[in-house]
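Reader: Please take a close look at the ligand site. I want contacts, distances and cut-offs.

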Amino acid sequence: MRVRQLLTRHPANPILRPDPAADWECYNVFNPAVIHHGGLFHMLYRAQGLDWVSRLGYAVSEDGVHWNRLRRPVFTPRGPAEARGVEDPRLVRIGDTFYMTYTGYGSGPPGSLSISPLFARSRNLITWERIGPLVRGEDNKDHVLFPRRIGGRFVALHRRRPQVWLAWSDDLLTWREEEMSPLFGPRPENPWESHKVGANGPPIETEEGWLMLYHGTDESNVYRFGVCLLALDDPRRVVRRPREPIFAPQEMWEVRGDVPNVVFSCANPVVDGVVYVYYGGGDHVIGLATARLDDLLTFALGG
Ligand code: BMA
C-alpha cells in the first residue's frame, strides 16, 4: 500500500534505545510522552527490563534529538491495577500543573483490572501524584487530555475498542457515563484503519480546529497514523478526516523490533511551527519524525 509520508524521519533515528547496562530499561524503550516547556524538551518514556514490567523513565533535551536520561525510573507501578506495568504516557500542562494520562496494566483477567485508563499530576515531571481512573472494569486506553479546558471543563479522548470516545470532567476525578460519547471509529472501506483506531498525542489547537493525530490498524495489526480536525468550540464534531494515512512503518526498526510493524505515538509537541512526532518503533526503540504544522493542516483540510 502506497502511503504519502507527510512526516519526515530524523536522520539520527532511532533517537533513544534500550540501555543494556540498566536492569529496568535493557529490553525496550518506546511510546514516550514529550512536552516542550521552559525551552527544553522533557520526555517520559516507557521502559521494559529484565522483568518485562513497564516503568517510566525521564529524559531531557535542548534540541529534541539528543537526550540525557535519569538513571532511575520516575514512575513505577503501584497496586493491583498497575501490577504488570505503567504504559504509554501522554502529557499536557494546564495552568502550572503537568497532567499525565497512562495505561495501568494490571493483574486481573480481561475486563476487570487488566487495562485501566489512569491519571496523575505533577509540578516538576519527576514526582507524581496519582489521581484515579477515567473508568473502571473495561478495556479502555489511548486516553489523552486536551491541552486546555473547553467551556471550563477538562476534556479527554479515550478508546472504547474499536472506537475513539470523548469524555468531560470538572475535576478529573468524576467522569460521568452520560457525558461520554463516541467520536469516530474504524472505516471498513479504508483498509489501513479498518480494525481499530486510537488517539496519538494531545490534540493541537489551530485556527481551523483541533488537529488530532491518531493511529489505525489493519487486519494484520500494522499501525499507521492518520489526522483529522475537530471543531474548536465543540470537539464532539469531526470537521475533516482525510482517507489517506500520513505515516506507516518502513525502517527496519519499525517493521521488525519486539512487535513488528508498529509505529505508536503518544506525543506531538509543536515548537516554532514544527510538529515533533515521537513514536515507538516496533515496541523497541524511539523515533522522531517532523512536519510543518501548516503542511499537516493543509493536508487535513484536503488541500
Ligand atoms: C497497543 C498499545 C501499545 C503498543 C501497541 C503495539 O495496544 O497499547 O502499547 O505499542 O499495542 O504493540
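Author: Start with a definition: a residue is near a molecule if one of its heavy atoms lies within 4 Å of it. By that rule, N31, R46, D88, K141, Y223, V259, V262, F264 and D283 surround the ligand.

This is a predicted model, in which local features need pLDDT of at least 70, side-chain atom pairs count only at pLDDT 80 or more, and totals for chains, interfaces and linings use all residues. Residues are numbered from 1 along each chain as its sequence is written, and side-chain values use heavy atoms, with hydrogens and water left out.

Now the polar contacts (pairs of N or O atoms within 3.5 Å). D283 places a side-chain N or O atom 2.6 Å from an oxygen atom of the ligand. For R46, a polar side-chain atom lies 2.8 Å from a ligand oxygen. For Y223, the distance from a side-chain N or O atom to a ligand oxygen is 3.2 Å.

Next, burial of the ligand. Alone, the ligand exposes 310 Å², and the protein buries 84% of that. These areas come from the Shrake-Rupley method with a 1.4 Å probe.

Where is the ligand: in which pocket? The ligand sits in the largest one. Sitting there requires more than half of its atoms to lie within 2 Å of the pocket's grid points. A pocket is an open set of points on a 1 Å grid over the protein atoms alone, where a 1.4 Å probe fits, with protein on both sides within 12 Å along at least five of seven lines.

Terms used
A polar contact is a pair of N or O atoms within 3.5 Å; within protein, one must be able to donate a hydrogen and the other to accept it, and residues adjacent in sequence count only if both atoms are side-chain atoms. On a 1 Å grid over the protein atoms alone, a cavity is a set of points where a 1.4 Å probe fits but cannot get out, and a pocket is an open set with protein on both sides within 12 Å along at least five of seven lines; lining residues have an atom within 4 Å of a point.
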